[in-house]
Amino acid sequence: MSARAVRAAAPRVELCSALPRGPVAWWLLAGVAMGAALRFGFLSHQSLWTDEAATRHIVLAPSIGDVWPRVRATESTPPLSYWLMWLLAHAAGSRSDAILRLVPAVAGTLTIPAAYAALRRPLGTRVGLALAWMCAVSPGLLWYSLDARAYALFVLLGTLNLWALFAALERPDARRCALWAATAVLCVWTHYFAVFLVAGQLLYVVIATPNPVRTRLLASAAAVALLCAPLLPLVSSQSNDGRTSFIANLTLSSRLEQLVRQFGMGPNVPSAALEGAGLLFAGAGLVVGAIAVARRNPRCALLLALVAGVTAAIPLALTVTGIDRIFYMRNLLVIWPIVAGVAAVGLLRARALPLVAYLGLCVATFLMIQADWRYQNPDWATVAAPVRAQLGSTPALVYPGVDAAVAGVYLGRSSGPGPVRTRRLGVIVEPGRTSGRGLQSLPQYPGAAPPGLTLRATLSLPDGFRLLLYDADRRRSISSAGWPSDLLHGPPLFVSGAPSPGEGPP
């Protein structure tokens, strides 16, 4: 087949230089600057949460060789993001919250130009710039850019992989196919859902590309499979102990609702009106954009639909059939730039006024979240000092128990199920979300204390926390099993003693 025929069979693209010039470059740089300011300006604004405390335990491993066994023992994702965080934390000689979140913040910032480069080719410069700005201020992407987990890096590498695919389809030479394979490998080593992402791409390659292109990309896919094979024993050991069972406890309808709401406006939106307006703009833009892309560039529409559709459809099918209930919003975050890119086409109608309105709603949502503790992670960093002053060396229970590891980080203690032997005991009750999205103080916890304990004092702490101090009739062994269940229907856990070496407070 001739080179002209190969180009005709690929999705229609607009060729562009590696770097934009003129006003386009300034608009893109402004978007990157905005995205960087919103991310780096709030790196340590919120306290860590439970999953970040688990990341911290991995990152503080004495050697990089210890990262793999810790990931195998505690995580359900591959090790690439943890290796990068380990390298950065040990190079900086810091275990602060900001250092822990630096890799996702950098990844989130780099996603802005990467998204422009990926979809500028098939959809045009204006759409690429609109998508870059949407990436810069999306409350969902901002949230995960400030979360010391793998998701922001997953989005970046998935976006680069899409860019590399378009480049390889345009001219499938060895260098471009190798670039696609390399980004695919890095993506899989960051998150297992990348397998579904690559599967969607390969489905398009099989059904919609001519033989020379298909053969070269399938050969590259074989190399991807070979380089990802070392992950098979890891994923096997990570999937046998129910560490993601919390997802299975959520109804499918709630997970689908979460997907729509968080893709549109992120988690914990402070105002229902704000969220509704944002979802209206995003949804209308997606519908109008999908129709426009299908009419203007049907091959591109098919590719984007297959990549996003297969990435979401496989875990959805596994969940519906009960084989593996892995359908969950944050695992699908990698297709956000694809969905947003199509929505950008629709939002650019009416002289881009819908786009400007949507971007404004996104910025307002993010800033409102950062200004109000009720829509953030429970603020252990603020309450740690007054709690330490009241407790001294007294052990304490934490409600909910799942956040005892976070409490241990900021209090400089170890966490565990106990029991403890003591004559005095503290109970720390963090705020929770019983209805709606805002945190609120929980006066109904801890409920009735076990016999032999007398309540000495109840203290209200900043940002919805409560501290209860108990005295025992004698020095005795106190178990967490003797207390009522927490908000998540689990037992509270203890924080006591000293942390492991090198794992003290930030």
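**View 1. Lining of the second largest pocket in the predicted model**. The second largest pocket is lined by 27 residues, and Phe263, Leu286, Ile338, Val339 and Ala340 lie nearest its centre. A pocket is an open set of points on a 1 Å grid over the protein atoms alone, where a 1.4 Å probe fits and protein lies on both sides within 12 Å along at least five of seven lines; lining residues have an atom within 4 Å of a point. About 610 Å³ of space lies in this pocket, the volume being the space filled by probe spheres set on the points, which are joined across faces, edges and corners. At least two lining residues come from each of helix H16 (252-265), helix H17 (272-296), helix H18 (298-320) and helix H19 (336-347). H17 gives the most, with seven residues. Helices (H or I, at least four residues) and strands (E, at least two) are DSSP runs, numbered from the N terminus. Residues are numbered from 1 along each chain as its sequence is written. In this predicted model, local features need pLDDT of at least 70 and side-chain atom pairs count only at pLDDT 80 or more, while totals for chains, interfaces and linings use all residues; side-chain values use heavy atoms, with hydrogens and water left out.

**View 2. The largest nonpolar core and helix H10**. This core has 107 residues, and those with the most contacts inside it are Met134, Trp180, Leu217, Leu303, Leu304, Leu333 and Trp336. Helix H10 (residues 151-170) gives the most to the core, with 13 residues. Apart from it lies another core, of 28 residues, among them Ala148, Val383, Val387 and Ala396. A nonpolar core is a set of buried Ala, Val, Leu, Ile, Met, Phe, Trp, Tyr and Cys residues joined through side-chain atoms within 4.5 Å. Buried means under 20% relative accessible area, exposed over 50%, and partly exposed in between (1.4 Å probe, protein chains only). Of the 20 residues of H10, 18 are buried, so the helix is largely enclosed by the rest of the structure.

**View 3. Surroundings of Trp180**. Beyond its neighbours within four places in sequence, Trp180 is in contact (heavy atoms within 4.5 Å) with residues including Asn161, Ala164, Leu165, Val198 and Leu217.

**View 4. Helix H5 and its packing**. H5 (residues 80-92) has 13 residues and reaches 19 Å from its first C-alpha to its last, close to the 18 Å expected at 1.5 Å a residue; the expected span is 1.5 Å times one less than the number of residues. Leu80, Ser81, Tyr82, Met85, Trp86 and Ala89 are buried in H5. Its buried residues pack against helices including H3 (50-59), H4 (67-74) and H7 (102-123). Gly93, with a positive phi near 65°, follows H5.

**View 5. Two cis peptide bonds**. Tyr399 and Pro400 are joined by a cis peptide bond with omega about -5°. Pro400 is in the loop between strand E1 (396-399) and helix H22 (404-411). The bond from Gly418 to Pro419 is also cis, with omega near 5°, and Pro419 is found in the loop between strand E2 (414-416) and strand E3 (420-429).

**View 6. Positive phi at Asn268 and Ala350**. Asn268, in the loop between H16 and H17, has phi near 60° and counts as buried at 12% relative accessibility. Ala350, in the loop between H19 and helix H20 (353-371), has phi near 55° and is exposed, with a relative accessible area of 53%.
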